[in-house]
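Me: I have a structure to go through with you. Let us take it in short questions.

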Amino acid sequence: MKTIKPIITFPHQSKAEYFVFLLMPIGVPKVPFRIPGEEDASWVDVYNRLYRERVLFLGQEVDSEISNQLIGLMVYLSIEDDTQDLYLFINSPGGWVISGVAIYDTMQFVIPDVHTICMGLAASMGSLILVGGEITKRIAFPHARVMIHQPAASFSEGKTGEFILEAKELLKLRETITRVYVQRTGKSLWVVSEDLERDVFMSATEAQAHGIVDLVGV
């Protein structure tokens with residue numbers, strides 16, 4: 001059976017200017033985009049479309065896959081144009097420490113300033129990435145939540161020596177994360193160390209007072 005694809009055109013536009021809207025697949029966020037030089041538009045992933053505008057998203061748990069994707073995008077966009085800022089929207093419960101630190105380090109490495117915008121939740125490594133944005137360009141939406149705490153490890157069955165090595169590595173990671181919060185928030189080492197002893201949840205206004213974000217969006 002032949003599939004009929006609906007076409008919608010905008011009035012008062014020439015044939016070369018209108019968008020051709022093909023039926024969007026259900027459940028897949030896509031938007032019409034016309035490649036320069038081509039007559040018709042095609043559906044592209046909404047995130048890929050926004051990447052072209054230098055808008056990035058971290059909307060899941062931090063793992064090696066999303067970390068590598070964001071790192072690749074930041075490096076590519078920096079090479080493409082190092083004069084335009086990048087915008088990273090964050091709604092993440094946290095995740096792997098090393099993957100989060102890799103994103104943080106890349107944000108400091110690329111030449112363009114990286115704006116960080118918290119929407120929903122920036123917890124654990126999500127808050128570290130949030131605080132890693134360019135100072136004065138870190139924003140939290142009014143009803144966003146931020147949570148900071150120390151890194152944790154799940155000790156598996158093994159030899160005592162392996163536990164000791166893992167504990168030493170965990171302490172090194174805690175020291176690294178503590179230094180980042182101290183540097184990026186302006187808070188004292190004592191204050192940050194005390195906060196990291198437990199889960200500390202903050203509203204957008206409290207996160208601003210704590211130095212994790214600079215502005216509360218309206």
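Reply: Two strands pair if DSSP finds at least two bridges between them. Helices (H or I, at least four residues) and strands (E, at least two) are DSSP runs, numbered from the N terminus. This is a predicted model: local features need pLDDT of at least 70, side-chain atom pairs count only at pLDDT 80 or more, and totals for chains, interfaces and linings use all residues. Residues are numbered from 1 along each chain as its sequence is written, and side-chain values use heavy atoms, with hydrogens and water left out.

Me: Which residue in strand 7 does Ala122 stand opposite?

Reply: Strand 5 (residues 114-123) pairs with strand 7 (residues 145-148) in the parallel sense, over 3 bridges. In strand 7, the residue opposite Ala122 is Val146.

Me: How far away from Asp195 is the nearest side chain of opposite charge?

Reply: Asp195 sits in helix 6 (residues 189-195). Asp195 is buried (under 20% relative accessible area; exposed is over 50%, partly exposed in between, with a 1.4 Å probe and protein chains only). Asp195 has no salt bridge, a salt bridge being a side-chain nitrogen of Lys or Arg within 4 Å of a carboxyl oxygen of Asp or Glu. Lys and Arg count as positive and Asp and Glu as negative, with His and the chain ends not counted; the nearest side chain of opposite charge is Arg198, at 4.0 Å.

Me: Which residue forms a salt bridge with Arg138?

Reply: Arg138 counts as buried because its relative accessibility is 2%. Its partner lies in the loop between helix 7 (204-210) and strand 9 (215-216), so the pair ties together parts that are 76 residues apart in sequence. The closest N and O atoms are 2.9 Å apart, and the partner is Asp214.

Me: Which residues do salt bridges that share partners join into one network?

Reply: Lys137 forms a salt bridge with Asp85, with the closest N and O atoms 3.1 Å apart. Lys137 counts as partly exposed because its relative accessibility is 21%. The network consists of Asp85, Asp113 and Lys137.

Me: How many salt bridges does the count come to?

Reply: Another pair is Arg49 and Glu53, at 3.1 Å, N to O. Glu53 is partly exposed, at 46% relative accessibility. By this rule the count is 5.
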